[in-house]
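Dear colleague,

I am handing over the structure below, and I would ask you to keep it open beside this message while you read the notes that follow it.

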Amino acid sequence: MAHTNGIESFWALLKRGYYGTFHHVSAKHLHRHVNEFAGRLNIRNMDTVDMMISLARGMMGKRLTYEALIA
């Protein structure tokens, strides 16, 4: 059931985020932006409550300090 339209849709979504929200993405943090948009795409069919539950579960036990982010 895989086709090229799916990946083209993902890259279009990522580019819209780049031009509309982020305006600049460094190569150092590109993987973080790609992961964020992949996560958004994966939960797009959930209702809002299920999205929030999924988000909270994904955050449990994880911590990203500013020092680790800029290192």
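**The largest pocket and a helix pair**

In this model, which is predicted, the residues that line the largest pocket are Asn35, Glu36, Gly39, Arg40, Ile43, Met51, Met52, Ser54 and Leu55. Two elements, α2 and α3 (48–59), each give two or more residues to that lining. Sorted by class, the lining of the largest pocket holds four nonpolar, three polar and two charged residues, and the space that lies in this pocket comes to about 280 Å³.

The axes of helix α1 (residues 4–22) and helix α2 (residues 30–42) come within 10 Å of each other and cross at roughly 120°.

On the side of α1, the contact is made by Phe10, Leu13, Leu14, Gly17 and Phe22, while α2 brings His33, Val34, Glu36, Phe37, Ala38 and Leu41. Taken by class, the residues of this contact between α1 and α2 are eight nonpolar, two polar and one charged. Please note that Glu36 is named in the contact with α1 and is also part of the lining of the largest pocket.

With best wishes

Key: Residues numbered from 1 in each chain as written. Predicted model: local features only at pLDDT ≥ 70, side-chain atom pairs only at ≥ 80, totals over all residues. Heavy atoms only, no water. Axes fitted to C-alpha atoms, helices over the stretch in contact; angles between N-to-C directions. Helix = DSSP H or I, 4+ residues; strand = E, 2+ residues; numbered from the N terminus. Contact = heavy atoms within 4.5 Å. Nonpolar A, V, L, I, M, F, W, Y, C, P; charged D, E, K, R; others polar. 1 Å grid on protein atoms, 1.4 Å probe; cavity = no way out; pocket = protein on both sides within 12 Å on 5 of 7 lines; lining within 4 Å. Points joined across faces, edges and corners; volume = space filled by probe spheres on them.
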